[in-house]
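Good morning, and thank you for coming.

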Amino acid sequence: MNTEAMSLQDFRALLQKLSAGAPGQDMTDEERVRRAKKGFMQKLNGHRAVDLDSCLQCGMCAEACHFYEATQNEKYAPVYKFRPLRRFYRREMSPLRWFYRPFTRDITVADLKEWQHLIYDACTGCGRCDMICPMGIKISASIRVMRHGLAAAGYVPDEMRVIRNEQRDQNKLFGVGVEQLKALVDKLGAQGVNIPLDREQADVLLFTTAVEVLLFPDTFAATARILNKAGADWTIRSDAFEAANVGIITGDDPTMKLAIRRIVDKAKACSVKTVLIPESGHAYQTIRWEGATEMGGPLPFETLSMPEFIAGEIQAGRLNLNAQSNGASVTYHDPCRLSRKGGVMQQPRDVLAALGLDVRETPANRRENYCCGGGCGEYVLENAADLRQKAFEIKRREFEDTGADAVVTSCANCRINLMIGAENSDWQTPVTSLVETVAASLAD
Amino acid sequence: MTLLDFASGPGLQWALWIFMFGVVWRLVGALFLLSRKDLTKPREHNSVAAGLGAVISRSAPAHAFEKRILFQHVTGYVWHFALFISVLFFAPHILFFESVLGFSWPHLPNTIILVTAIVATAVLIALLIRRATHPVQRFISNADDYISIFVVLIPLVTGILAFTHFGGRYETLLGIHVLSVDVMLIWFPFGKLMHAIMTMPARYQAGTAFGRRGVKA
């Protein structure tokens, strides 16, 4: 396809300008602390209480964190990242709070400032630490509570605040709205890719992301071609196409719920059987694993990620592929929100195997995979660029260990971060999308 | 009333009451904080099996992490194993348990108990040194981490001293030993020794949460 995607350099320049548009925030220190505590209290439930009461402070979680491994900075130990939450729990909510209170320091605005860096710049919420904890503590869930409190206190980093506000107030991201999607659909239509835009009813409702429209239109085109080839009865709606959710990324619940509601309402209006999430790990996590709970009841449709959909279509015999026989090898990067947080680990491997590719595993893979280094929206943060690059070097070593010709993944966020890391370190191995890899092998 | 009389009489009684009440209070208080019901449709899984599976699987690190936490993993096992042997299979301890529980079990020879107690003490001291020197552990540690080590270490050391009659009159050493056990029992629900109780629910809830998503915890 020739869809004139924005170049990676231009996209990086766009990210660098983001913070300039951040509005000011007027809040007293007392108000910030009060709001942070309220945010913690709203999210601190029985599961988190058991977690916080179980921590041995063994520090093993540091050994699972890519940021600690890359820097050896003890501040990046995951157990330290949720320390203010633990202090809050002990002082305000624990059954033994009367005992802990005199020995437990209260949260201050200086803490919130310090933890803004630890929670947004130095944590991608990938949950690898969840897999190592001998107590089974879901550390990333407590990090999410931290983000919730920090967001309530006005500590969402500027870049994230700008895109959060854009999604909340304009239903756009990175300036991509209805016009940009329609322009892309028209362009692809002229190239022979049929995209049934704005149908009132369909079996499958596809979503995309602003990043896909801007940077990876070939992935969008590939998705359409796969759907058409499989004979799916599908549509995409110009008035609700965005799958990304900056609310969940920032810890801003109202925005998260708003973005979920836009998707759920449209899916209900179109009476669809399936909501198809594009290559975006957090978008899948949000709708598939949070949507029903946030909306207060079961959703009347199934939610599928692209690897699940494609694997299902191949298995059902609706999608025929030309298996390659040139011995090409690939390694699959598991996006954390699809793999250990989503349960989608075998499907992408089945798809790549069906393509006849030599699939080589990185030393740490599937639920133990290393994060790309820029997940959960971290890739938009300028302050975190050095940290990300250091974490990327871990990924690079893992990839090189496989000797594979290319890296395939199924999350645009991971792909961007890996591409930026590769560009920075002049690493030549291509990083591509699962969907595009499949579309390139569609049989006639 | 001698020290031993106090430690093994009212001291122990109070310590046991505080221990039992504190453990139940802290456990129930945490478990009863409301959690929103997860309304998402789970992948096919057996919730109980997933929960119990995690209780077992978290006893060993996942493959990717084995080498990075080898020291803590091995010392953790040696420490707990040696401690349990020393506490549960020493003849005088069994006599005490019998007086409380009403039944007993076979004991191990004293020489074996002495070895396991020395091993447990040595490993605990090694873990204490690591906590004070390892960059991450030193940085994250608080008073609870050190208190919890000392309140377990002292009964071990005084137990060995009493057993070997080293350093004082037997009754005095035994009195200090039992008193240190009282202190440990009192501290138990307030500090991180509580992990002995929390391990099961924490691992279980992780297992069910991951299981819903089709992921082995």
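In chain A, 4 strands make up an open sheet, in the order E2-E1-E3-E4, with parallel pairing. Strands here are DSSP runs of E with at least two residues, helices are runs of H or I with at least four, and both are numbered from the N terminus. Two strands count as paired if DSSP finds at least two bridges between them. Strand E2 (234-235) and strand E4 (302-305) of chain A are at the edges with a single partner strand each, so one side of each has no neighbour in the sheet.

A word on the source. This is a predicted model, in which local features need pLDDT of at least 70 and side-chain atom pairs count only at pLDDT 80 or more, while totals for chains, interfaces and linings use all residues. Residues are numbered from 1 along each chain as its sequence is written, and chains are lettered from A and ligands numbered from 1 in the order in which they are written.

Let us go through the pairings. Strand E1 (residues 204-206) of chain A pairs with E2(A) in the parallel sense over 2 bridges, and Val204(A) is opposite Trp234(A) there. E1(A) also runs parallel to E3(A), joined by 3 bridges; Leu206(A) has Leu276(A) as its bridge partner. Leu276(A) in turn has Leu304(A) of E4(A) as a bridge partner, and E3(A) and E4(A), again parallel, are joined by 4 bridges.

Which residues of strand E3 (residues 274-277) of chain A point one way, and which the other? Thr274(A) and Leu276(A) point one way, Val275(A) and Ile277(A) the other, and all are buried. Buried means that 20 or more other C-beta atoms, placed from the backbone, lie within 10 Å of the residue's own. In a regular strand, side chains alternate between the two faces of the sheet.

For the chain as a whole, 59% of the 444 residues of chain A count as buried. The C-alpha trace spans about 75 × 45 × 40 Å along its principal axes.

Finally, the helices. The axes of helix H19 (residues 306-315) and helix H20 (residues 346-354) of chain A come within 8 Å and cross at roughly 50 degrees. Axes are lines fitted to C-alpha atoms over the stretch in contact, with angles from 0 to 180 degrees between N-to-C directions. The contact, meaning C-beta atoms placed from the backbone within 7 Å, involves residues including Ile310(A) of H19(A) and Val351(A) of H20(A).

Notes: A residue is buried if 20 or more other C-beta atoms lie within 10 Å of its own, exposed if 12 or fewer, and partly exposed in between; C-beta atoms are placed from the backbone. Two residues are in contact if their C-beta atoms, placed from the backbone, lie within 7 Å.
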